[in-house]
Amino acid sequence: QVQLVESGGGLVQPGGSLRLSCAASGSIFSINDMGWYRQAPEKQRELVAAISSGGSTNYKDSVKGRFTISRDNAKKTVYLQMNSLKPEDTAVYYCNAHIRSVRYPAGYDYWGQGTQVTVSA
């Protein structure tokens with residue numbers, strides 16, 4: 001069974017930094033696109049950043065220049081380095097990955113359990 005396990009959330013002051021990690025485990029053939037989404041209270045879940053298996057990235061406009069997504073394919077892990085954090089970045093952050101596995105050889109979108117990021121003085 002494939003799982004995505006996130007870590008690294010917490011409380012930080014405005015202007016501070018956090019690094020989120022998401023590790024995939026299980027009977028995995030390959031991992032294609034990986035990404036981070038976030039959902040603030042009473043708002044829809046939105047894409048923050050994504051990275052392809054080849055390393056191509058794209059970002060939500062409001063985080064460009066502040067957030068950096070990266071991945072370690074050998075560790076089956078994706079990271080989100082968040083700098084210059086603002087109160088409006090407060091949300092639950094979810095990891096997403098499109099994974100080919102024993103159960104879903106054609107691929108399936110998996111989600112992590114979510115990690116809370118709170119930016120407040």
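User: What does contact mean here, and what share of the contacts in the chain between residues at least 6 apart join residues at least 24 apart?

Analyst: Contact means heavy atoms within 4.5 Å. In this predicted model, 55% of the contacts between residues at least 6 apart in sequence join residues at least 24 apart.

User: How many helices and strands are in the chain?

Analyst: The chain has 11 strands and zero helices. Its pattern along the sequence is therefore β-β-β-β-β-β-β-β-β-β-β.

User: How should I read the radius of gyration of the chain?

Analyst: The value is set against that of a compact globule with 121 residues, which would be near 14 Å; the chain has 14 Å, so the two agree. The C-alpha trace spans about 45 × 25 × 25 Å along its principal axes.

User: Where do nonpolar side chains tend to be in soluble globular proteins?

Analyst: They tend to be buried together. Here the largest nonpolar core has 29 residues, and the members touching the most others are Trp36, Leu80, Met82, Tyr93 and Ile99. At least two core residues come from each of strands E3 (18-25), E4 (28-39), E5 (46-51), E7 (67-72), E8 (77-82), E9 (91-101) and E11 (115-119). E9 gives the largest share, five residues.

User: How many aromatic pairs are there, and why is the pair of tyrosine 104 and tyrosine 108 called stacked?

Analyst: The structure holds four aromatic pairs. Planes under 30 degrees apart count as stacked. For tyrosine 104 and tyrosine 108 the planes are at 15 degrees and the ring centres 4.4 Å apart, so this pair is stacked. The rings of tyrosine 108 and tyrosine 110 have centres 4.9 Å apart and planes at 70 degrees, which makes that pair edge-to-face.

User: Is each of tyrosine 104, tyrosine 108 and tyrosine 110 buried or partly exposed?

Analyst: Under 20% relative accessible area counts as buried and over 50% as exposed. Tyrosine 104, at 27%, is partly exposed, and so is tyrosine 108, at 39%. Tyrosine 110, at 12%, is buried.

User: Which rings have arginine 19 or arginine 45 over the face?

Analyst: Arginine 19 lies over the face of tyrosine 79, 4.1 Å from the ring centre. Arginine 45 lies over the face of tryptophan 111, at 4.7 Å from the ring centre.

Definitions and conventions
Residues numbered from 1 in each chain as written. Predicted model: local features only at pLDDT ≥ 70, side-chain atom pairs only at ≥ 80, totals over all residues. Heavy atoms only, no water. Core = buried A, V, L, I, M, F, W, Y, C linked by side-chain atoms within 4.5 Å. Buried < 20%, exposed > 50% of the residue type's maximum accessible area, 1.4 Å probe, protein only. Helix = DSSP H or I, 4+ residues; strand = E, 2+ residues; numbered from the N terminus. Phe/Tyr/Trp six-rings, centres within 6.5 Å; stacked < 30°, edge-to-face > 60°. Lys NZ or Arg CZ within 6 Å of the ring centre and 35° of its normal. Rg over C-alpha atoms; globule rule 2.2 N^0.38 Å.
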